[in-house]
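Try each task before you read its solution.

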Amino acid sequence: PILLGCIVNHLVLDPRDGKTLLMAASTGHLGPTIFRSTDGGESWQEAQKPPAFPKGEPHGRSVNHTFWLEPGHASEPGVWWAATSPPGLFRSADDGATWESVEGLNAHPKIMDWLPPDGGTPDGAIVAGVCIDPRDAKHMYLATCSAGVLETSDYGDDWRPLNQNVEANFLPDPYPEYGQDSHQIALAPTNPDRIWQQNHCGIYRLDRPGERWERIGNAMPEEVGDIGFSIVPHPRDADTAWVFPMDGTEVWPRVSPGGRPAVYRTSDAGRSWTRQDRGFPAEQGWFTVKRQAFCRDEGAPVGLYLGTTGGELWMSGDEGESWCQIVAHLPEIYSVTAARL
């Protein structure tokens, strides 16, 4: 065990060097902080200056926890991005040792409209994810809990909402400019103009330079729905992605629909979905999978890995056709990372 009794929201291996690990942790005595390892997790060093809003912050925000860690563009070794609760964005240029506020977002004139610190999820308002265009370090997307998707083309100096046709059925205007709850976004690795989104109100796909999202979750079985937390694109096929649906009825119990867990795969860009449940409990499987807890490797066939709120780790070595439980009896799993060592 590492930091036993603490919450680790995200654990990420840097794909640029294949050895640096960053861990976003909420600790008792240190508070919210970042740890770094370069020896496979054998030893860890705490950040000298963790993500924190500047002193005298006009909105009274202080970082409760770092929710998401993102390695920087391939052209920027040592650069990392951290997204926090309450919503904020921070950048490190020294492999996570020190962090600076991205004032283009954190001090944006619309920040309190887009990302109020007291809105969003039961665990607190969050910036839920960061995606960087592999062709352009200045072009980035954020998934947020109260402004939907935000986009920058100038390295974070300015931002704009990107939410056309994304529903927010909990608001008076169900299709606002902003106000949506984006659970996770992911770029197709072989086509970064294709963005997958798992939203509070469904599964969506956007093909740039388009501006209008398509709700591809409408093709999911009606009795299952298209609500969930995570979405995982195939590393080599831009038409293929996986989701893990959860019960999206009015009470939002955050369990598998009907207690029958399954992954769903699309191989045609969301026009249809295939249930993949072989190996999962046929019934009484009352768990779900959080945003950072579903991942893949680069293998052929692709390996898939997911951790559950019930402390189980499941894997598929055949692109979801069959599943086996490889770890049980852990605490609730927040983050899963797959890497070839």
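## Exercises on pockets and rings

Strand 1 and strand 2 (21-27) each supply at least two residues of the lining of the second largest pocket. Strands here are DSSP runs (E, at least two residues) numbered from the N terminus. The model is predicted, so local features need pLDDT of at least 70 and side-chain atom pairs count only at pLDDT 80 or more, while totals for chains, interfaces and linings use all residues. Residues are numbered from 1 along each chain as its sequence is written, and side-chain values use heavy atoms, with hydrogens and water left out.

**Exercise 1.** Describe the lining of the second largest pocket.

*Solution.* Start with the term: on a 1 Å grid over the protein atoms alone, a pocket is an open set of points where a 1.4 Å probe fits, with protein on both sides within 12 Å along at least five of seven lines, and lining residues have an atom within 4 Å of a point.

Next, find the centre: of the 28 lining residues, Ile2, Val8, Leu11, Leu330 and Ser335 lie nearest to it. Then look at the strands: strand 1 gives the most to this lining, with 4 residues.

Finally, sort by class: the lining has 20 nonpolar, 6 polar and 2 charged residues. Ala, Val, Leu, Ile, Met, Phe, Trp, Tyr, Cys and Pro count as nonpolar, Asp, Glu, Lys and Arg as charged, and the others, Gly among them, as polar.

**Exercise 2.** Which strand provides the largest share of the lining of the largest pocket?

*Solution.* First list the lining: 44 residues, with Pro15, Glu70, Pro71, Arg296 and Glu298 nearest the centre of the largest pocket. Strand 13 then comes out with the largest share, 5 residues. By class, this lining divides into 27 nonpolar, 8 polar and 9 charged residues.

**Exercise 3.** How are the rings of Phe280 and Trp323 arranged as a pair?

*Solution.* Begin with burial (under 20% relative accessible area, 1.4 Å probe, protein chains only). Phe280 is buried at 7%, and Trp323 is buried at 5%.

Now take the rings of Phe280 and Trp323: their centres are 5.1 Å apart and their planes at 25°, so the pair is stacked. Rings pair if their centres lie within 6.5 Å, and planes under 30 degrees apart count as stacked. Phe280 and Trp323 lie in separate loops, so the pair ties together parts that are 43 residues apart in sequence.

Last, widen the view: Phe244, Phe280, Phe287, Trp314 and Trp323 form one aromatic cluster.

Conventions. Buried means under 20% relative accessible area, exposed over 50%, partly exposed in between (1.4 Å probe, protein chains only). Rings of Phe, Tyr and Trp (its six-membered ring) pair if their centres lie within 6.5 Å; planes under 30 degrees apart count as stacked, over 60 as edge-to-face and the rest as tilted.
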